[in-house]
Amino acid sequence: MKTAQQLVAEAKAGIQEVDLDQLSDYLKTHPEPRLIDVREPAEFAQGHIAGAVNYPRGVLEMQLANHPAVAASGCAADVALEQLAAEPLYLICRSGARSALATESLQRMGFSKVYSVAPGMQGWLDAKLPIVK
(Lines give C-alpha, C1' and ligand atoms only; values in the text may rest on other atoms or scores of the structure.)
Protein backbone atom coordinates (compact mmCIF):
# COMPACT_ATOMS: atom_id res chain seq x y z
CA MET A 1 0.00 0.00 0.00
CA LYS A 2 1.27 3.47 -0.91
CA THR A 3 0.55 6.71 0.87
CA ALA A 4 -0.59 9.80 -0.99
CA GLN A 5 2.83 11.33 -0.39
CA GLN A 6 4.54 8.31 -1.97
CA LEU A 7 2.24 8.48 -4.97
CA VAL A 8 2.98 12.19 -5.45
CA ALA A 9 6.74 11.59 -5.05
CA GLU A 10 6.62 8.90 -7.74
CA ALA A 11 4.67 11.22 -10.05
CA LYS A 12 7.15 14.06 -9.50
CA ALA A 13 10.03 11.75 -10.39
CA GLY A 14 8.57 11.27 -13.87
CA ILE A 15 7.32 14.75 -14.76
CA GLN A 16 8.70 18.21 -15.41
CA GLU A 17 8.04 20.89 -12.84
CA VAL A 18 8.43 24.62 -13.34
CA ASP A 19 8.88 27.25 -10.66
CA LEU A 20 7.04 30.54 -10.26
CA ASP A 21 9.65 32.49 -12.24
CA GLN A 22 9.29 30.14 -15.20
CA LEU A 23 5.49 30.39 -15.06
CA SER A 24 5.65 34.20 -14.75
CA ASP A 25 7.94 34.41 -17.79
CA TYR A 26 5.53 32.22 -19.76
CA LEU A 27 2.53 34.32 -18.73
CA LYS A 28 4.28 37.55 -19.79
CA THR A 29 4.81 36.25 -23.30
CA HIS A 30 1.47 34.49 -23.83
CA PRO A 31 -1.64 36.68 -23.64
CA GLU A 32 -3.86 33.59 -23.79
CA PRO A 33 -1.98 31.14 -21.61
CA ARG A 34 -2.60 27.43 -21.56
CA LEU A 35 -2.82 27.25 -17.80
CA ILE A 36 -5.17 24.80 -16.11
CA ASP A 37 -5.99 25.14 -12.44
CA VAL A 38 -6.83 21.63 -11.20
CA ARG A 39 -8.20 22.75 -7.83
CA GLU A 40 -11.87 22.42 -6.94
CA PRO A 41 -14.23 25.19 -8.14
CA ALA A 42 -14.60 26.70 -4.64
CA GLU A 43 -10.80 26.99 -4.35
CA PHE A 44 -10.59 28.53 -7.81
CA ALA A 45 -13.30 31.07 -6.95
CA GLN A 46 -11.29 32.26 -3.94
CA GLY A 47 -8.54 33.42 -6.29
CA HIS A 48 -6.71 32.23 -9.38
CA ILE A 49 -4.19 33.36 -11.95
CA ALA A 50 -5.62 35.49 -14.76
CA GLY A 51 -6.30 33.40 -17.84
CA ALA A 52 -6.38 30.08 -15.99
CA VAL A 53 -9.08 27.58 -16.86
CA ASN A 54 -10.54 25.52 -14.02
CA TYR A 55 -10.74 21.79 -14.67
CA PRO A 56 -10.61 19.98 -11.31
CA ARG A 57 -8.27 17.02 -11.26
CA GLY A 58 -11.18 14.59 -11.05
CA VAL A 59 -12.59 15.66 -14.44
CA LEU A 60 -9.47 17.00 -16.16
CA GLU A 61 -9.06 14.27 -18.76
CA MET A 62 -12.74 14.45 -19.70
CA GLN A 63 -12.75 18.27 -20.06
CA LEU A 64 -9.51 18.84 -21.99
CA ALA A 65 -11.13 18.83 -25.42
CA ASN A 66 -13.30 21.74 -24.19
CA HIS A 67 -10.29 23.96 -23.45
CA PRO A 68 -10.90 27.44 -24.92
CA ALA A 69 -7.70 27.20 -26.96
CA VAL A 70 -9.22 24.43 -29.09
CA ALA A 71 -12.97 24.29 -28.36
CA ALA A 72 -13.86 26.99 -30.88
CA SER A 73 -12.27 24.98 -33.68
CA GLY A 74 -15.19 22.55 -33.66
CA CYS A 75 -12.78 19.65 -34.17
CA ALA A 76 -13.40 16.12 -32.98
CA ALA A 77 -12.12 15.45 -29.46
CA ASP A 78 -9.02 13.55 -30.62
CA VAL A 79 -8.03 16.35 -33.01
CA ALA A 80 -8.68 18.98 -30.32
CA LEU A 81 -6.43 17.09 -27.92
CA GLU A 82 -3.67 16.92 -30.54
CA GLN A 83 -3.97 20.68 -31.05
CA LEU A 84 -3.81 21.28 -27.31
CA ALA A 85 -0.79 18.99 -26.96
CA ALA A 86 1.11 20.90 -29.65
CA GLU A 87 1.80 23.82 -27.28
CA PRO A 88 3.09 23.89 -23.70
CA LEU A 89 0.41 23.27 -21.08
CA TYR A 90 0.84 24.29 -17.44
CA LEU A 91 -1.05 22.76 -14.51
CA ILE A 92 -1.36 24.32 -11.07
CA CYS A 93 -3.04 23.38 -7.79
CA ARG A 94 -2.65 24.59 -4.20
CA SER A 95 0.70 22.96 -3.37
CA GLY A 96 1.89 21.11 -6.46
CA ALA A 97 0.68 17.64 -5.46
CA ARG A 98 -2.54 17.44 -7.48
CA SER A 99 -0.91 19.16 -10.44
CA ALA A 100 1.92 16.60 -10.33
CA LEU A 101 -0.57 13.72 -10.44
CA ALA A 102 -2.54 15.45 -13.20
CA THR A 103 0.64 16.08 -15.20
CA GLU A 104 1.52 12.41 -14.94
CA SER A 105 -1.95 11.50 -16.19
CA LEU A 106 -1.71 13.83 -19.19
CA GLN A 107 1.68 12.38 -20.06
CA ARG A 108 0.04 8.95 -20.16
CA MET A 109 -2.49 10.48 -22.60
CA GLY A 110 0.38 11.54 -24.88
CA PHE A 111 1.09 15.12 -23.79
CA SER A 112 4.84 15.79 -23.88
CA LYS A 113 4.89 19.54 -23.16
CA VAL A 114 2.95 19.49 -19.90
CA TYR A 115 4.37 21.07 -16.75
CA SER A 116 3.37 21.06 -13.09
CA VAL A 117 3.83 24.37 -11.28
CA ALA A 118 5.64 24.04 -7.95
CA PRO A 119 4.98 25.33 -5.32
CA GLY A 120 1.48 25.90 -6.66
CA MET A 121 -1.01 28.61 -5.81
CA GLN A 122 0.18 28.77 -2.22
CA GLY A 123 3.62 29.77 -3.47
CA TRP A 124 2.03 32.24 -5.89
CA LEU A 125 0.07 33.84 -3.05
CA ASP A 126 3.08 33.83 -0.71
CA ALA A 127 5.02 35.71 -3.40
CA LYS A 128 2.15 38.22 -3.52
CA LEU A 129 1.68 37.74 -7.25
CA PRO A 130 -1.61 38.95 -8.79
CA ILE A 131 -4.78 36.92 -8.67
CA VAL A 132 -8.32 37.26 -10.00
CA LYS A 133 -11.37 36.62 -7.82
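H1 passes H7 in a left-handed crossing, meaning that the near helix is turned anticlockwise from the far one by less than a right angle (clockwise would be right-handed). Helices (H or I, at least four residues) and strands (E, at least two) are DSSP runs numbered from the N terminus. The model is predicted: local features need pLDDT of at least 70 and side-chain atom pairs count only at pLDDT 80 or more, whereas totals for chains, interfaces and linings use all residues. Residues are numbered from 1 along each chain as its sequence is written, and side-chain values use heavy atoms, with hydrogens and water left out.

Select H1, residues 4-13, together with H7: their axes come within 9 Å and cross at roughly 55°. Axes are lines fitted to C-alpha atoms, for helices over the stretch in contact, and angles run from 0 to 180 degrees between N-to-C directions. The two helices, H1 and H7, are therefore oblique to each other; under 35 degrees counts as roughly parallel, over 145 as roughly antiparallel, 65 to 115 as roughly perpendicular and the rest as oblique.

Next, display the side chains in this contact (heavy atoms within 4.5 Å). H1 contributes Leu7, Val8, Ala11 and Lys12, and H7 contributes Ala97, Ala100, Leu101 and Glu104.

Now select the strands. An open sheet of five parallel-paired strands has the order S1-S5-S4-S2-S3, where pairing requires at least two DSSP bridges between two strands. Strands S1 (16-18) and S3 (53-54) stand at the edges with a single partner strand each, so one side of each lacks a neighbour in the sheet. S1 runs parallel to S5 (residues 114-117), joined to it by three bridges; Val18 stands opposite Val117 in S5. Keep H7 (residues 97-109) in view: this helix packs on the sheet, touching S1, S4 (89-92) and S5, and its direction makes about 175° with that of S5.

Move on to the loop between S5 and helix H8 (120-126), where Pro119 lies. A cis peptide bond joins Ala118 and Pro119, with omega about 15°.

Finally, select Lys128 in the segment after H8. Lys128 is not a glycine, yet has a positive phi of about 60°.
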